Amino acid sequence: MLRTLYVVMLALVVGWGLGGDSLLAQQDGQDDLVKARELKLEAKTLTDLGEVIRLCESALKKGLDQDSAEQANLLLSATLIQRGSQVARMVFEDRSDPKWPAFRERALEDLERAVKLDPKQPEAYFRIAQLHLLPGGDAKRAAEALDRSIEVNQQDSPLKAQALLIRAALQKDPAKKLADLDQAAQAAPGDPSPLRARGMFHAQQGKFEQALADFDAALAIDPRHPETLEAKAATLGRLKRYDEALALLDRALKLDPDSVGPLVERARVHEMQENLQAALDDLNEADRRDPGNPVVLLLRANVYRQREEDDKALADVDAVLRLRPGLDMAMRFRAGLLADQGKYADAIRQIEELLAKSPDDVDSRIQLAYLYSLDRKHEKTIEIFSRILEKDPGNFSALRGRADTYLGIGKHAEAIADYEKALKLRPDDSGILNNFAWVLATSPFDHLRNGKRAIELAERACKLTDYQQAHILSTLGAAYAESGDFATAMKWSQKAIELGRDDQKEALQKELDSYKAKKPFRELKTGDEPEERPKPRKRSPPKSPK
């Protein structure tokens, strides 16, 4: 018995000498881990979370057994995520402090460290993506983090839906965008946001009925959601269902009487109806509620432009540029106003200033090409469009612009080639249909004319515009004249004169006189003479600035 007790005591002494320090250290590490767990349960402030992190690091440094070390790393990762997310929220809520980029770096440091400790943390990846999507962030890292957040989130959840919605917004491929929106709707079936986002995507693609179905599904979940009502109203407006659109916007205003959004959308609908005074009234009220809102000011400038109150339009655009110096859409709008006044050189300088800071901005290059065209520098116009098309052969605006320029300088074969390509991209674009039909009906080059096809194209353009556009009815008349049906040609030509503006009537009358003499109309321009068939001023409301 005594011998046995001696052996046990000897073993303990030897063990103490060989590993006693380690056992004591593990116990100290375990004590720190226990303290960290207890503090984590009550931690609220960044200081509290910092102490939990310190205790976890101390426990790991002092030494823990395998199970405890795993637990400490999980606790450390979770606390880093909590602290990083708290700092991130401070950044998202208020970036008025010029030091906010430093706070972003602090949040990213915690979150990146957390995902190294535990790579299966969808929230951490999501916050990393959000932070990198802010100005000055790393877009590539943001995309990677979104992918990881979605990948490691095995269950459908609101967080997964949010990640998918953000990734969808970044997708350039429409098919991939739609796939993300479908998955987002599945991940959060009780949330109207993915349905509304998918509806807006369908509306942008011209699939209005699918868009309305999604908006209705979103409203079934939340009938009192003003943003969904606004989105549905905007789609109804594009379908020319104006009364329904206005009723929805009135409903949205009742739900949120102080909101600016429904007023802005209602102004857009009034503008579509060409009720410019009503649009102006709504925008003035929106400006009173939210002074200095760039969207309101730019939309009001657009209404002033259509009322030919260019000084007021320019004042609103200049106000936007004082608030948001260098805002692309405001600079482009200002160039358009200058061009309206015939100040082409000033307008060109405005766009060149924009391109100096954003040389890859294709929209600005396209506008520059149009400005050169207005200034009758057609070779420069074609050069710019051609360079764009070398990089992007499917750029519709560049194809349309180059085709119209070729038509304007009498290069009809080249114009027809570009119209063919543009028509494949947008078969229901009334402008392409009209101009393509015009050259096929009126070109003096016999081998290029095609009266039958000109009628088909012009008819489609007329249907798309409800037979209410004088210059398109004129084209339909020219197409019938080319086909030898002068009676029908005179009918549509007379209708064009009735609908035409005063500055169109002289040119339209020449066409009618030609048909009365049983002569098809022929047109060949060189680019030097003034435009004989003026088009209506474009009424494209500016998009919301980002």
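Against which helices do the buried residues of α14 pack? In this predicted model, the buried residues of α14 pack against α13 (residues 261-272) and α15 (residues 294-306). Helix α14 itself covers residues 276-289, and its 14 residues reach 20 Å from the first C-alpha to the last, which is close to the 20 Å expected at 1.5 Å a residue. The buried positions in α14 are L276, A278, A279, L280, D282, L283, A286 and D287. An α-helix has 3.6 residues a turn, so residues three or four places apart point the same way.

A pair of helices, α11 and α12, was examined next. Two packed helices are described by the angle between their axes and the distance between the axes. Helix α11 (residues 226-238) packs with helix α12 (residues 242-255) at an angle of about 165°, and their axes lie 8 Å apart. Because angles over 145 degrees count as roughly antiparallel, α11 is described as roughly antiparallel to α12. The crossing in which α11 passes α12 is left-handed. On the side of α11 the contact is made by P226, L229, E230, K232, A233, L236 and G237, while α12 contributes Y242, E244, A245, L248, L249, R251, A252 and L255. Sorted by class, this contact of α11 with α12 has 10 nonpolar, one polar and four charged residues.

R402 counts as buried because its relative accessibility is 14%, and buried means under 20%. When residues up to four places away in sequence are not counted, R402 touches I382, F385, S386, L389 and D418.

How values were computed:
Residues are numbered from 1 along each chain as its sequence is written. This is a predicted model: local features need pLDDT of at least 70, side-chain atom pairs count only at pLDDT 80 or more; totals for chains, interfaces and linings use all residues. Side-chain values use heavy atoms; hydrogens and water are left out. Helices (H or I, at least four residues) and strands (E, at least two) are DSSP runs, numbered from the N terminus. The expected span of a helix is 1.5 Å times one less than its number of residues. Buried means under 20% relative accessible area, exposed over 50%, partly exposed in between (1.4 Å probe, protein chains only). Contact means heavy atoms within 4.5 Å. Axes are lines fitted to C-alpha atoms, for helices over the stretch in contact, and angles run from 0 to 180 degrees between N-to-C directions. Angles under 35 degrees count as roughly parallel, over 145 as roughly antiparallel, 65 to 115 as roughly perpendicular and the rest as oblique. A crossing is left-handed if the near helix is turned anticlockwise from the far one by less than a right angle, and right-handed if clockwise. Ala, Val, Leu, Ile, Met, Phe, Trp, Tyr, Cys and Pro count as nonpolar, Asp, Glu, Lys and Arg as charged, and the others, Gly among them, as polar.
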